[in-house]
Amino acid sequence: MSIFFISSGRRRFLPALLTVSLTASVTSIPSFAQTQPATGFAVRVDNPLLASWAGSYGGYPAFDKVQVSQFKPALEAAMAQNLAEVQAIANNKQAPNFENTIAAMERAGNALDQVQTVYGIWSSTMSNPEVQAVQREMAPRMAAFSDQITQNEALFKRIEAVYNSPDKKKLTPEQQRLAYVYYNNFVRSGAKLDANAKKRLSEINQQLAGLFTKFSQNVLADENDSVLVLKTAADLGGLPQSLRDDAANAATSRKLSGAGVITNTRSSIEPFLTYSDQRKLREKAWRMFYNRGDNGGEHDNNALITEILQLRAERAKLLGYKTHAHLRLDNTMAKTPEAAMALMEEVWVPAVARVKQEVADMQTLATKEGATFKIAPWDYRYYAEKVRKARYDLDQNEVKEYLQLDKMREGMFWVAGEIYGFAFTPVTDVPVYHPDVKVWEVKDKTTGKHLGLWYFDPYARPGKRSGAWMNAYRKQERMDSEIATIVSNNSNFVKGKDGAPVLISWTDATTLFHEFGHALHGLSSNVTYPTLSGTSVVRDYVEFPSQVMENWLPTPQVLQRFAVHYQTGKPIPQALVDRIEKASTFNQGFETTEFLASALIDMKLHLAGDQKIDPDKFERETLTQLGMPSEIVMRHRTPQFSHVFSSDGYSAGYYSYLWSVVLASDAFSAFTEASGPYDKAVAKRLKEKILSVGNTVDPADAYRSFRGRDPKIDALMKERGFPMKGATKAPEKKAASKKS
């Protein structure tokens with residue numbers, strides 16, 4: 001499961017509860033240059049971060065001019081400007097209407113958008129002690145800043161007046177939706193609380209912002225500082241040549257002696273666990289990775305988690321919700337924790353049953369080979385690969401030789417062109433923040449219209465957090481003029497030596513297509529207002545476009561063109577493709593259970609209310625109650641669960657990947673029920689009804705508009721080879737849509 005964080009523009013007014021890093025105390029924010037009120041506001045431009053993005057393609061970030069020392073003053077100045085803009089809206093003597101209140105809010109905060117975008121990139125991909133010091137100082141101050149906006153009584157009264165006005169009927173559907181989103185976000189962030197409650201809420205948000213920053217930095221420290229050194233040639237036992245080369249390159253780049261180095265990232269650890277025949281080293285690698293944030297000492301996250309959970313529970317009660325889970329899900333497709341739990345529990349039972357079968361097969365093979373031990377978590381991938389090879393004559397390393405990173409990227413471009421009409425052209429006239437980053441211009445194939453820029457940052461490096469994710473540097477909009485989006489995809493592949501092809505696993509290729517699906521969601525956006533643009537949808541819907549994109553990787557059209565051998569250039573043999581297809585449901589017990597364990601722990605932690613929780617103990621006891629197989633651990637153990645504890649982003653919301661994959665599986669069935677994955681009519685409908693509309697339409701309504709009905713769980717269960725109990729409807733049908 002890949003990580004998805006959006007660091008994008010149009011976040012400055014949104015509540016701290018709903019954002020990743022929009023958070024700051026305004027008491028020490030310096031003054032800023034201001035023009036006449038009639039013409040708006042301007043900030044000093046002696047700091048390059050405060051200058052408007054200029055250049056071709058509608059402008060772009062001036063990454064070549066960025067210095068870490070610029071971040072704090074730029075954030076302070078941009079926040080001061082944003083507060084002044086917002087206060088001017090709040091103090092407007094004219095009666096509130098959509099244009100002078102909601103649209104005015106949409107136009108405010110451009111400087112902060114741009115500063116926050118660059119600051120977020122450095123925080124997640126170029127981190128160092130200097131950047132981290134800025135994060136620690138600014139996170140709570142930015143939380144206070146966010147609260148100053150959402151707790152502005154005069155501003156909220158104007159938003160409320162527009163939302164409740166009889167004239168709202170005269171607005172366009174998109175304007176009505178935007179008014180609803182503003183009103184709902186402010187209410188959910190405490191706009192209706194009394195003064196004392198608002199004060200306490202802001203204190204909580206500031207405390208949480210600091211804790212989130214500390215949590216993230218602790219995980220990053222454990223990832224950066226811990227490596228497994230393979231000292232001798234024997235330590236490389238079982239590893240294919242490509243992984244030996246990667247390990248050697250990692251040793252060289254870190255200036256460590258030995259036969260190779262396994263870094264503490266998923267893209268390095270999982271291949272090692274799959275192929276290494278050195279069981280003791282597998283265990284060391286496994287413990288290094290799965291104990292991130294749980295090693296005692298200054299980087300241990302357990303105490304932080306306890307405090308985060310207590311503060312979230314208190315905040316939920318302040319806002320009138322039973323628990324943090326109820327608060328978070330009130331504004332989603334699921335609507336309630338109970339609905340999300342029902343879906344997870346329906347899939348959990350067959351997934352665990354499948355794991356037992358998988359383990360039995362592995363244990364039989366291991367015993368046959370002379371093993372005298374019981375399969376442990378660090379053995380699972382190793383013996384699963386052996387079973388896969390024995391049962392399906394499928395060696396994942398053989399598949400990997402046909403999956404070159406650059407070719408897979410070309411394959412993604414080709415698919416985007418075939419189904420959505422996009423054309424990608426490399427550009428070299430825009431600055432990047434690291435030499436590894438490359439940029440493409442995206443156009444409409446038919447009209448030649450510029451749609452945006454796509455940045456690709458594929459390789460792991462110190463200071464870059466692990467995982468894979470999509471960013472939106474700028475949202476598409478057309479309020480006053482046509483503004484094209486800028487998006488990026490970020491991965492953590494091990495860079496090849498001297499330009500050698502980077503070979504990736506089938507899982508990594510799937511993740512690549514997944515994250516590209518998020519980018520296509522942003523690039524497809526065709527709305528007026530930036531707050532409703534692109535991927536700005538509810539949490540359990542945002543993963544739907546990315547999940548559905550995974551389905552195009554195994555199509556013959558992609559494999560025959562782009563899955564070519566890195567040495568011979570010959571396409572992947574059809575016989576090998578057939579074996580991949582036959583093995584498509586293999587190991588689904590493992591993959592589903594490790595994900596669901598994380599999702600269930602997340603939900604149960606946040607349903608526990610104000611209980612004081614020992615994270616390790618809670619994790620251990622809850623997994624036992626669930627019947628978690630001892631041979632598997634959660635995909636993201638609690639002390640390193642960045643989705644949930646580095647922000648509020650996926651808190652009580654990790655289930656959303658499963659919710660979204662129900663939608664994705666059902667949606668892809670629309671293609672297979674028609675003429676196939678490249679059916680032009682279905683693709684056009686998916687783009688027009690889902691990808692292009694952003695948050696202008698309630699997601700349940702948008703899905704019904706595309707599919708003609710509510711989603712069914714059948715396709716998901718079939719994909720994973722799980723039995724169905726007869727019920728075919730996913731829980732969405734009973735979820736009432738909130739109307740604007």
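User: Where does aspartate 498 lie, and what makes it count as exposed?

Analyst: In this predicted model, aspartate 498 sits in the loop that runs between strand 7 and helix 17. Its relative accessible area is 74%. Exposed means over 50%, so aspartate 498, at 74%, is called exposed.

User: What is said of the phi of aspartate 498?

Analyst: The phi of aspartate 498 is near 55 degrees, a positive value in a residue other than glycine.

User: Alanine 652 also has a positive phi. Where is alanine 652, and is it buried or exposed?

Analyst: Alanine 652 has a phi of about 55 degrees although it is not a glycine. It belongs to the loop between helix 24 (642-645) and helix 25. The relative accessible area of alanine 652 is 1%. Buried means under 20%, so alanine 652 is buried.

User: Why is aspartate 578 called partly exposed?

Analyst: Aspartate 578, placed in helix 21 (residues 574-582), has a relative accessible area of 36%. From asparagine 100, aspartate 578 is 478 residues apart in sequence and 61 Å apart in space, C-alpha to C-alpha.

User: How do you know that strand 5 and strand 7 pair?

Analyst: Pairing requires at least two bridges. Strand 5 (residues 450-459) and strand 7 (residues 485-493) are joined by seven bridges and run parallel, so they pair. Phenylalanine 456 has asparagine 489 in strand 7 as its bridge partner.

User: What makes strand 3 and strand 6 edge strands?

Analyst: The open sheet has five strands in the order 3-4-5-7-6, with mixed pairing. Strand 3 (422-427) and strand 6 (469-474) each have a single partner strand, so one side of each has no neighbour in the sheet. On average, neighbouring strands of this sheet are turned by 25 degrees against each other, direction ignored.

User: Which helices pack on these strands?

Analyst: Helix 3 (residues 110-125) lies across strands 5, 6 and 7, running at about 155 degrees to strand 6. Helix 17 (residues 506-523) packs on the sheet and touches strand 3, strand 4 (438-444), strand 5, strand 6 and strand 7. The direction of helix 17 makes about 170 degrees with that of strand 7.

User: How do you know that strand 1 and strand 2 pair?

Analyst: Four bridges join strand 1 to strand 2 (residues 260-263), and the two run antiparallel. At least two bridges are needed, so strand 1 and strand 2 pair. Valine 227 has threonine 263 in strand 2 as its bridge partner. Strand 1 (residues 227-230) has Leu228 and Leu230 on its covered face, and Val227 and Val229 on its uncovered one.

User: Why are helix 25 and helix 27 called roughly parallel?

Analyst: Helix 25 (residues 656-673) and helix 27 (residues 699-707) pack at an angle of about 15 degrees, their axes 11 Å apart. Angles under 35 degrees count as roughly parallel, so helix 25 and helix 27 are roughly parallel. Their crossing is left-handed. Among the contacting residues are Leu663 and Glu673 in helix 25, and Tyr703 and Arg707 in helix 27.

User: What makes helix 1 and helix 3 roughly antiparallel?

Analyst: The axes of helix 1 (residues 71-90) and helix 3 cross at roughly 150 degrees and come within 8 Å. Angles over 145 count as roughly antiparallel, so helix 1 and helix 3 are roughly antiparallel. The crossing is left-handed. The contact includes Phe71 and Met79 of helix 1, and Tyr119 and Trp122 of helix 3.

User: What is the angle between helix 10 and helix 14 called?

Analyst: Helix 10 (residues 279-290) and helix 14 (residues 377-392) pack at about 120 degrees, with their axes 8 Å apart. The crossing of helix 10 and helix 14 is right-handed.

User: Which residues touch the most other members of the largest nonpolar core?

Analyst: Phe424, Trp454, Phe516, Phe544 and Trp552 do, out of 138 residues. Helix 13 (residues 337-368) gives the most to this core, with 14 residues. Apart from it lies another core, of 61 residues, including Leu49 and Tyr455.

Technical notes. Residues numbered from 1 in each chain as written. Predicted model: local features only at pLDDT ≥ 70, side-chain atom pairs only at ≥ 80, totals over all residues. Heavy atoms only, no water. Axes fitted to C-alpha atoms, helices over the stretch in contact; angles between N-to-C directions. Contact = heavy atoms within 4.5 Å. Core = buried A, V, L, I, M, F, W, Y, C linked by side-chain atoms within 4.5 Å. Buried < 20%, exposed > 50% of the residue type's maximum accessible area, 1.4 Å probe, protein only. Parallel < 35°, antiparallel > 145°, perpendicular 65-115°, else oblique. Left-handed = near helix turned anticlockwise from the far one by under 90°.
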